[in-house]
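Please read the points below with the model open beside them. They go from the overall fold to single pairs of residues.

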Amino acid sequence: MSAGLRTLLLDHYEEFRRRLRRRLGSDDLALEALQETWLRVERMRESAQPDRNPVAYLFRMAVNAATDQRVAQARVLTGMEIEALMDEVADGQDPARIALGQADIAALAEALQELPRRQRAILLAARVEQEPLDLIARRHGVSLRMIGKDLKKALQHCATRLDRRVVQRFGPGAGKQS
């Protein structure tokens, strides 16, 4: 630890507190910044002491500590924000929506079982595992074009069974129902 900086901080403590209180607008913030500055000085090596103007160095260290504390506190949710999020979650758990979601999952599972084995494997690899299509093509020993065709058929089959429409995500006609 840097004994010289520690002594300097103790000798000028009230001056630092007064300057920080003016700068930060709060005595509590000034005290927290000084506490964090003390901890930072404790962790410093002796060789890390500034050569010029150590008082200014300590004051900058305290201001930086206050800035770091404000940034950290800005990331923490307030009690009201947490309550609002809890209300949103509670509102989103409508029993009817849950039942519909479970029915959709069951219908999708059925539709997947109806697919030929390769189409099912391609659909799961491409859409669930998000594997690149060229990797899937190599694994199955078929062309990239064949993977595209099988994927399109599998998606169309599942969409039909779930009474949904399929929107093409890329290639000619992207954004249109396929």
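1. A definition comes first: a residue is buried when its relative accessible area is under 20%, exposed when it is over 50%, and partly exposed in between (1.4 Å probe, protein chains only). The model is a predicted one, in which local features need pLDDT of at least 70 and side-chain atom pairs count only at pLDDT 80 or more, while totals for chains, interfaces and linings use all residues. Residues are numbered from 1 along each chain as its sequence is written, and side-chain values use heavy atoms, with hydrogens and water left out.

2. The overall fold. Helices (H or I, at least four residues) and strands (E, at least two) are DSSP runs, numbered from the N terminus. The protein has nine helices and zero strands, so the order from the N terminus reads α-α-α-α-α-α-α-α-α. Of the 178 residues in the protein, 23% are buried.

3. Contacts and surface. A contact means heavy atoms within 4.5 Å. Counting contacts between residues at least 6 apart in sequence, 59% join residues at least 24 apart. The protein exposes about 12500 Å², and carbon and sulfur atoms supply 53% of that area; accessible areas come from the Shrake-Rupley method with a 1.4 Å probe, and for residues only the protein chains shown count as cover.

4. The term means a side-chain nitrogen of Lys or Arg within 4 Å of a carboxyl oxygen of Asp or Glu. By this rule there are twelve salt bridges. One of them joins E15 and R19, with the closest N and O atoms 4.0 Å apart. Both residues lie in helix 2 (residues 13-24), four residues apart, which is about one turn of the helix. E15 is partly exposed at 29% relative accessibility, and R19 is partly exposed at 29%. E14, R17, R21 and D27 are linked in a network of salt bridges.

5. Salt bridges between helices. Which residue forms a salt bridge with D68? The partner is R40, with the closest N and O atoms 2.6 Å apart. D68 lies in helix 4 (residues 54-74) and R40 in helix 3 (residues 27-43), so this pair ties together parts that are 28 residues apart in sequence. D68 is partly exposed, at 42% relative accessibility.

6. A second pair of this kind. The side chains of D150 and R118 meet in a salt bridge at 2.7 Å, N to O. D150 is in helix 9 and R118 in helix 7, 32 residues apart, and the pair links distant parts of the chain. Is D150 buried or exposed? D150 counts as buried, because its relative accessibility is 4%, whereas R118 is partly exposed at 33%.

7. The second largest pocket. A pocket is found on a 1 Å grid over the protein atoms alone, as an open set of points where a 1.4 Å probe fits, with protein on both sides within 12 Å along at least five of seven lines; lining residues have an atom within 4 Å of a point. Its volume is the space filled by probe spheres set on the points, which are joined across faces, edges and corners. The second largest pocket holds about 280 Å³ of space. It is lined by 16 residues, and L108, L155, C158, A159 and L162 are the closest to its centre. Helix 6 (95-114), helix 7 (117-128) and helix 9 each give two or more residues to the lining.

8. V166 is found in the segment after helix 9 (144-161). V166 is buried, with a relative accessible area of 14%. The C-alpha atoms of V166 and K152, 14 residues apart along the chain, are separated by 9.0 Å.
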